[in-house]
Amino acid sequence: MRFSLPVDPEVRERLEQLEIPFNSYGVDPYGISKAYLGPSFTALRFFFKHYFSVESHGIENVPARGRVMLVGNHSGGVALDGAMVVASQFLEMNPPRLAQGMAEKFLNKVPFASQLTNRCGHLTGLPEHAERLLADERMLMVFPEGARGTAKLFKERYSLVHFGTGFVRLAMKMKTPIVPFAFLGGGEAIPTISNAVSIGKLFGVPYIPVTPWLFAVPIPAKLEVYYSKPMVFEGTGSEEDEVVNAHVEKVKERIAELIDAGRRRRRGEPARDADRGGAA
Amino acid sequence: MRVLVPGLSGRLGKMLAERLLELGHDVIGIDRRPFRDAPAGVEMHEVDIRKRAAEDVFRKFRPQAVIHMATVTHLVVQSEDRYRINLGGTRAVFEHSHTYGAEHVVFVGRHTYYGAAADSPLFHNEDEPPMGLASFPELADLVAADLYAGSALWRYPSFTTSVLRMVYTLGPTGHGTLATFLRGKRVPTLLGFDPLFHFMHEKDVVNALCTTLDKRPRGVFNVAGPQPVPLSMVIRETGRTNVPIPEMIFSMMLGRLGLPKLPTGALEHIKYPVTVDGSAFKKATGFVHEIDEKGAMRAYRDAFPRPTH
C-alpha cells in the first residue's frame with residue numbers, strides 16, 4: 001500500500017476481525033477501505049484511550065452481529081460524539097464492529113472529506129443507503145437531532161432538540177433493533193459559544209463552531225457513552241405519524257434517562273436501578 | 001436461433017459474434033462501419049440501421065432475436081448526430097422487430113443512465129429515474145433511448161423486451177469509456193475525490209448477453225459483475241499513474257494539454273460514483289460473473305501495458 005501512515009498493532013489485529021466482506025484489496029462493496037480504516041482508527045484510538053479516556057457503559061447491550069441501529073444524542077462539540085462511538089464499537093466490541101454514520105450531504109461535495117467519509121463507511125445520509133446497509137446486516141449510527149444537534153452551544157449540551165421520525169420508520173421497515181445511547185462530555189471538550197454561519201458558507205460548510213479559544217480544538221475533557229438495551233418496534237414503517245411519534249418519544253425518553261444517569265454519576269451520586277442499561 | 005445484431009462491428013461485437021456462433025446460432029450483423037476480421041460465418045451488412053436497406057435485412061432474415069448494440073456513446077461525436085443515431089436507430093430496431101416477427105429484443109444500454117451526483121445513492125435500482133441530466137445534458141440521447149426501449153414493453157406485447165443497463169467494460173479489447181479513459185500513461189483525476197467505478201470483464205458482458213438471449217427476461221435490468229472499486233485503485237492496478245488535479249484547474253484544462261474536450265458534466269463521473277444493484281438480473285437469469293475485479297483490471301493491463309513514452 002502506498003499509505004505509509006502508521007497503524008497501531010491492536011487496530012491492525014481488529015481490522016482483520018471485522019466481519020465485513022473485504023475483497024483481496026481490502027475494499028468492501030461500499031468502498032470501505034482497510035487502508036483508510038487503519039490510520040483513522042489509529043488516530044481515533046489515541047483520542048479514545050489516551051486523550052479523552054472515554055468511558056463506555058453497557059456495551060454488552062449491543063448485539064454482536066446482525067443489523068442494528070445505534071441511536072443517540074449529539075452532546076455539542078461538532079461530531080466528536082460520533083467519532084468516539086465509532087471508536088468504542090471498534091475497540092470494545094468482540095468481534096469489533098464498524099458503526100457506519102450517515103454523513104451530512106454537503107460533505108460529499110467537499111474534496112478529501114468526501115473521500116475520507118466514504119472510505120471509512122460513513123456514506124451520504126440517504127434513505128437508500130440506510131436501508132441497504134441494514135439489509136446487509138451492518139451497524140448504522142444515527143443522530144436523530146441531525147445538524148441541529150451538532151450545533152448545540154455549551155449551555156445546551158445536555159438538552160435534546162427535536163428528533164426526526166425517519167429513524168423509527170426505518171427501523172420498523174427494516175425490522176432492526178434500536179440501541180439508544182447517551183453521549184456526555186462533547187460540549188466540555190469543544191465548548192461552542194457561537195456558530196459562525198456566514199464564515200461557514202465561505203468554506204462550503206453549514207457553520208463553523210467558535211470556542212473561547214476561537215477554533216474547535218478539543219480539550220481533554222472526560223467523555224462517556226452509555227448504551228441501553230435494544231428497543232424493538234414492530235410494524236412496517238408506513239404507520240401514521242401518531243404511532244411513529246410515540247415510538248420516537250420512547251427512544252428520546254430513554255436517551256434522556258441515560259443522560260440524567262450519566263450526569264448523576266459524574267456528580268458522584270449513587271446509581272439507580274434504571275441506570276444500568278435499563279429495561280427496554 | 002437467428003440472431004440479428006445491429007452495431008456488431010465493434011470489438012465487443014466480435015467477441016459476441018464468436019460466442020454466438022459457438023453456441024450454434026446464425027449471426028447476422030448490421031453496422032455502418034466495416035467489420036474487419038469478422039469471424040467466418042457471420043453475415044455482415046454494411047448499412048445504416050435507419051436506412052431502408054436495413055429493413056430489407058430484417059425482411060429477408062426474419063430474426064428470432066435482436067441484440068441492439070448500435071448506440072453511440074462517446075462524446076466526441078457531435079451531439080445532434082448522436083441524437084439521430086441513438087434515437088432514430090433504436091426506433092427503427094424496435095419497429096422492424098415488430099413488423100418482421102422477432103420474438104425477443106435486447107437493448108444494450110449503460111449504467112450511466114442514472115447519472116453521477118453528490119446526493120445520488122450507491123447501487124441504483126432499476127426503478128430509479130435518471131437524475132444526472134441537469135448536470136450532464138449531453139447524455140440525454142442515451143437516457144431517452146433507454147426509456148424509449150423500455151416503452152417497447154407495453155408498445156409491443158408481441159415480443160419480449162430486455163433492457164440492459166450494463167456497467168463499464170474492462171478487458172483485453174480496450175473497448176469502452178473506462179478503458180479509453182485509462183489508455184494513457186497518466187490518468188487525470190479530481191483532487192480529493194475517488195469515486196467507486198463499477199465494471200466487468202468483456203467476457204462476462206458477452207456471457208450476460210448470451211444468458212439474456214437464453215432466458216429471455218422481460219423488463220429493465222442492471223447488469224453488474226464483481227463489486228466496484230475506487231478509481232485510484234483501477235488506475236494503480238492497471239499500471240497507470242494517478243494525477244490528481246484540483247477541480248477548478250481541471251475544468252480549465254479540458255480540451256487543452258492533451259486532455260479531451262469534454263463537457264464539464266463529464267467531470268461528475270470522475271467525481272461521484274455510478275454503481276448499480278444487479279441482483280434482479282441475477283435472479284431472473286441465474287447469471288454469475290466469471291472474472292472478478294482483479295482479473296478484469298489485470299486483463300486490461302496485460303493487453304494495454306502502461307505506455308512507455
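**Helix H3 of chain B**

I looked up which residues of H3(B) are buried, and found Arg82(B), Ile85(B), Asn86(B), Gly89(B), Thr90(B), Ala92(B), Val93(B), Phe94(B), His96(B) and Ser97(B). This is a predicted model, so I read every entry here as a prediction. I then asked what the buried residues of H3(B) pack against. The partners are strand S1 (2–6), helix H2 (52–61), S4, S5 and H4, in chain B.

Next I checked the length. H3(B) covers residues 79–99, which makes 21 residues. From first C-alpha to last it reaches 30 Å, close to the 30 Å expected at 1.5 Å a residue. Just after the helix, I noted a positive phi of about 75° at Gly101(B).

**The sheet of chain B**

I traced the strand order next. Chain B has an open sheet of 7 strands, ordered S3-S2-S1-S4-S5-S6-S11, and the pairing is parallel. Which strands stand at the edges? They are strand S3 (43–45) and strand S11 (219–223) of chain B, and each pairs on one side only. On average, neighbouring strands of this sheet are turned by 20° against each other, direction ignored.

Strand S4 (residues 65–68) and strand S5 (residues 104–110) of chain B run parallel and share 4 bridges. Opposite Ala65(B) I found His104(B) of S5(B). Helix H4 (residues 140–155) of chain B packs on this sheet. H4(B) touches S5, strand S6 (160–166) and S11 of chain B, and its direction makes about 150° with that of S6(B).

**Helix H3 of chain A**

I turned to chain A and ran the length check on its H3. Helix H3(A) spans residues 80–92, 13 residues in total. At 1.5 Å a residue it should span 18 Å, and its end C-alpha atoms are 18 Å apart, so the two agree.

Is H3(A) largely enclosed or open? Of its 13 residues, 10 are buried, so the rest of the structure largely encloses the helix. I listed the buried ones: Leu80(A), Asp81(A), Gly82(A), Met84(A), Val85(A), Val86(A), Ala87(A), Ser88(A), Gln89(A) and Phe90(A).

**The sheet of chain A**

I looked up the strand order here too. Chain A has an open sheet of 6 strands, in the order S1-S8-S5-S2-S4-S3, with mixed pairing. Strand S1 (55–57) and strand S3 (99–101) of chain A each have a single partner strand, so one side of each is left without a neighbour in the sheet. Neighbouring strands are turned by 25° against each other on average, direction ignored.

Gly101(A) has Met141(A) in S4(A) as its bridge partner. Helix H10 (residues 241–266) of chain A packs on the sheet. I found it touching strand S2 (68–72), strand S5 (178–184) and strand S8 (224–227) of chain A, at about 35° to the direction of S5(A).

**Contact between the chains**

How many residues does each chain bring to the contact? Chain A brings 20 residues and chain B brings 17 residues. On the chain A side, helix H4 (113–119) and helix H5 (127–135) each supply at least two residues. H5(A) gives the most, with 3 residues. I sorted the chain A side by class: 8 nonpolar, 8 polar and 4 charged residues.

**Confidence**

I closed with the scores. The predictor gives the complex an ipTM of 0.91 and a pTM of 0.92. Chain B averages a pLDDT of 92, and 97% of the residues score at least 70.

Conventions:
Residues are numbered from 1 along each chain as its sequence is written. Chains are lettered from A and ligands numbered from 1 in the order in which they are written. This is a predicted model: local features need pLDDT of at least 70, side-chain atom pairs count only at pLDDT 80 or more; totals for chains, interfaces and linings use all residues. Two residues are in contact if their C-beta atoms, placed from the backbone, lie within 7 Å. Ala, Val, Leu, Ile, Met, Phe, Trp, Tyr, Cys and Pro count as nonpolar, Asp, Glu, Lys and Arg as charged, and the others, Gly among them, as polar. pLDDT is the predictor's confidence in each residue, from 0 to 100. Two strands pair if DSSP finds at least two bridges between them. Axes are lines fitted to C-alpha atoms, for helices over the stretch in contact, and angles run from 0 to 180 degrees between N-to-C directions. The expected span of a helix is 1.5 Å times one less than its number of residues. A residue is buried if 20 or more other C-beta atoms lie within 10 Å of its own, exposed if 12 or fewer, and partly exposed in between; C-beta atoms are placed from the backbone.
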